[in-house]
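I set down each term with its cut-offs where I first rely on it.

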Amino acid sequence: MEHPNFRRFFLGCSSNAIPRRAHRERAQPRARKKFGLLEKHKVYVVRATAYHKKEQTLQKLKEKAAFRNPDEFYFKIVKTKTVDRVHRLESRANKYTPEELTLMKTQDIGYILQKVLTEKKKFEKLTATLHSLDNQPSNRHEAEEIASNASEHSNLAASADLPSIIRRKTAASYRELEARKSRMRDLEKLYMDMAMQKELQKTGRKRKFREDELVIPTAKPVYKWRQERKQ
């Protein structure tokens with residue numbers, strides 16, 4: 001008995017076995033061969049649409065320029081000047097007053113100080129957590145070993161008292177502690193530098209110490225302000 005799908009399967013296989021002619025794109029006429037491949041209609045539509053869109057934009061700009069009122073006010077009238085018949089914007093080097101610059105620096109210093117305090121709180125909280133972990137009698141020895149080997153990134157000794165996941169978390173906590181400590185130092189250094197720059201911008205006579213005048217040699221500059229009587 002013939003299977004119901006046998007005829008369909010056989011006809012499909014036979015139709016695929018018959019060689020077919022490959023349909024190729026219409027070639028460029030011989031007289032226009034120098035212009036390259038023949039452009040497809042869908043490619044022409046995209047190119048023509050983009051061309052007409054640009055053409056309409058240019059036409060609108062030309063109309064705006066033709067009907068523009070030369071006496072109309074716009075803000076660049078007061079912000080530009082003519083140099084050799086060319087409009088140039090005024091320099092923005094002195095855009096802010098000294099008071100505004102001082103205020104901006106104060107805001108920046110306040111932000112850095114806030115980040116320093118935040119990092120210090122996180123550092124102290126993590127230190128307290130690890131300290132309480134070290135004081136436990138079951139894993140004090142392992143915690144000391146993790147603390148000594150955290151900076152060297154060495155392999156931790158296996159312990160039968162603690163699971164491996166706790167050892168990995170403890171080691172990660174010590175690495176985080178070192179990273180936060182380094183970040184806190186960098187932020188404190190940045191805060192001190194910004195505070196010094198802010199003080200140098202204030203009015204008053206000041207003098208920079210020479211190297212032979214310093215009691216404790218340091219790489220940072222040291223200034224001394226003249227004492228003024230407040231009225």
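I took a salt bridge to be a side-chain nitrogen of Lys or Arg within 4 Å of a carboxyl oxygen of Asp or Glu. The model is a predicted one, in which local features need pLDDT of at least 70 and side-chain atom pairs count only at pLDDT 80 or more, whereas totals for chains, interfaces and linings use all residues. Residues are numbered from 1 along each chain as its sequence is written, and side-chain values use heavy atoms, with hydrogens and water left out.

Entry 1, salt bridges. I looked up Arg180 and Glu176, and their side chains meet in a salt bridge at 3.2 Å, N to O. Both residues lie in helix H6, four residues apart, which is about one turn of the helix; helices (H or I, at least four residues) and strands (E, at least two) are DSSP runs numbered from the N terminus. An α-helix has 3.6 residues a turn, so residues three or four places apart point the same way. For exposure I used relative accessible area with a 1.4 Å probe and protein chains only, where buried means under 20%, exposed over 50%, and partly exposed in between. Glu176 is partly exposed, at 36%.

I then searched the whole structure, which gave five salt bridges. One of them joins Glu119 to Arg183, with the closest N and O atoms 3.0 Å apart. Glu119 lies in helix H4 (residues 98-134) and Arg183 in helix H6 (residues 164-200), so this pair ties together parts that are 64 residues apart in sequence. Glu119 counts as buried, with 6% relative accessibility, whereas Arg183 is partly exposed at 40%.

I also noted Glu188 and Lys120, whose side chains meet in a salt bridge at 3.8 Å, N to O. Glu188 belongs to helix H6 and Lys120 to helix H4, so the pair ties together parts 68 residues apart in sequence. Glu188 is partly exposed at 31%, and Lys120 is partly exposed at 31%. Which residues are linked in a network of salt bridges? I found Glu119, Glu176, Arg180 and Arg183 in it.

Strand S1 (residues 80-83) and strand S2 (residues 86-89) run antiparallel and are joined by four bridges; two strands pair if DSSP finds at least two bridges between them. Val83 stands opposite Val86 in S2. Two residues lie between the strands of this hairpin, and Asp84 there takes a positive phi near 55°.

I recorded six helices and four strands, running α-α-α-β-β-α-α-α-β-β from the N terminus on. Of the 231 residues, 11% count as buried. The chain exposes about 21,500 Å², of which carbon and sulfur atoms supply 55%; these areas come from the Shrake-Rupley method with a 1.4 Å probe, and for residues only the protein chains shown count as cover. Phe73, in the loop between H2 and helix H3 (76-79), counts as exposed at 52% relative accessibility.
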